[in-house]
Amino acid sequence: MRFTDLASVGKKDGKSYLASIGLIVFGYIASQFLGMLFLVPFFSSEKLARLVNQEDFINLLGKNGFLIFILFPFVVLFALILLAIRYIHKRPIKSVFTNRSHFDWNRVIFSFTIMSLILLIMLLFRLWMNDGLQMIFDWKKFLPMAFLILAFIPIQIAAEELLFRSYLMQGLKLRLAHNGHSALVSGIMFGLIHMGNPEISAIGFHLVFYYIAAGIFLSLVVLFDDGIELTLGYHAANNIFAALMITSDWQAFQTDAVFFDTSDPGNGIEAIFSSLFFYFLLFFIFAKRFKWSQWKEIWSS
């Protein structure tokens, strides 16, 4: 039995899935609504009525306040997924993290390190090319922001990985009876939920294909590695590095980072193709390091 088959160890009837999805969706939306209610005692109704876009929220709450505002629902999402797995589906919590006898932190660290090195090399290359990066480092602003990032981002990425690479992917395997199809559908769903990101508005709708490619890559890694440890490390490195090192006025995380990106966001085509190269590279590294085998059987079973 592989990781994608672990949904079969608990309650897998339609009512269980409807109850779990309803709880997760309702809880996530409710947490966003409660976030808005929390602002009511601190700000006038006139100021709250003017909150239309991300810039309005940042102007009102500050960058750190806005970070907490957008990341708190993921804390709720993380808890609700685990509650649904344990008490609705009656499954062990470990079954949504790995198919191994224990959670493999070495895989998380390996993936996090490899991805961080790649991102650091890319950053150094941009600095060498003088590619529109302006240093704005202010340790008095950076340290509080870094604390929030390190506290919330791991939970945010864990919630996304649990939802898309565990719960939905395992559920799709029950329905589709094919590992490859469940990985592809899960990856596409992951890409589509990013349609509301500010990067899409700044660059164009075609950037959704970047997120779809990322989702499919991560789903395939989980499929072949039999757990989400590698994707947790990759996802954490990507989001933490982006939040700590480079910010801009058109991305989702606008932070008091080390550098501010003054360059034109461009059309995103270069980012899509370069990301495909790095996905192939990372997949090759993971496959060699962890000796993935029986690819045809894993894909089609």
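The structure is a predicted model.

Salt bridges come first. Nine of them are found in a search of the whole structure. One joins Lys173 to Asp5, with the closest N and O atoms 2.6 Å apart. This pair links distant parts of the chain. Lys173 is in helix α5, whereas Asp5 is in the segment before α1, and 168 residues separate the two. Lys173 counts as buried because its relative accessibility is 10%, under the 20% limit. Asp5 has a relative accessible area of 22%, so Asp5 is partly exposed.

A further salt bridge is formed by the side chains of Arg100 and Asp225, at 3.2 Å from N to O. Here, too, distant parts of the chain are linked. Arg100 sits in the loop between α3 (54–88) and α4 (105–128). Asp225 belongs to helix α8, and the two residues are 125 residues apart. Both partners are buried: Arg100 has a relative accessible area of 18%, and Asp225 has one of 3%. The pair is also part of a network of salt bridges that links Arg100, Asp104, Arg107, Asp225 and Glu229.

Arg165 is buried, with a relative accessible area of 0%. Glu161 is likewise buried, at 0%.

Helix α5 (residues 139–176) also holds Gln170. The relative accessible area of Gln170 is 0%, so this residue is buried. Its side chain makes a polar contact of 2.6 Å with the side chain of Arg91. Neighbours within four places in sequence aside, Gln170 is in contact with Phe3, Thr4, Leu6, Ala7, Arg91, Ser95 and Val96.

Aromatic pairs were searched for across the whole structure, and 20 were found. In one of them, the rings of Phe224 and Phe283 have centres 5.6 Å apart and planes at 90°, so the pair is edge-to-face. The two residues come from distant parts of the chain. Phe224 is in helix α8 (residues 208–225) and Phe283 is in helix α10 (residues 269–289), 59 residues apart. A second pair is formed by Phe277 and Phe278. Their ring centres are 5.3 Å apart and their planes meet at 70°, so this pair is edge-to-face as well. Phe277 counts as exposed because its relative accessibility is 52%, over the 50% limit. Phe278 is partly exposed, at 23%. Ring pairs also build a cluster, which links Phe224, Phe283, Trp292 and Trp295.

Phe33, Leu34, Leu37 and Val40 make a nonpolar surface patch of about 400 Å². Leu37 is placed in helix α1. Val40 is found in the loop between α1 (14–39) and α2 (45–49). Both of these residues are partly exposed, with relative accessibility of 42% for Leu37 and 46% for Val40. Leu37 and Phe217 are 180 residues apart in sequence, and their C-alpha atoms are 38 Å apart in space.

Notes:
Residues numbered from 1 in each chain as written. Predicted model: local features only at pLDDT ≥ 70, side-chain atom pairs only at ≥ 80, totals over all residues. Heavy atoms only, no water. Helix = DSSP H or I, 4+ residues; strand = E, 2+ residues; numbered from the N terminus. Buried < 20%, exposed > 50% of the residue type's maximum accessible area, 1.4 Å probe, protein only. Polar contact = N/O pair within 3.5 Å; in protein donor to acceptor, adjacent residues only side chain to side chain. Contact = heavy atoms within 4.5 Å. Patch = residues over 30% accessible without salt bridge, like charges linked within 9 Å, V, L, I, M, F, W, Y side chains within 5 Å. Areas by Shrake-Rupley, 256 points an atom, 1.4 Å probe, with all protein chains shown as cover. Salt bridge = Lys/Arg side-chain N within 4 Å of Asp/Glu carboxyl O. Phe/Tyr/Trp six-rings, centres within 6.5 Å; stacked < 30°, edge-to-face > 60°.
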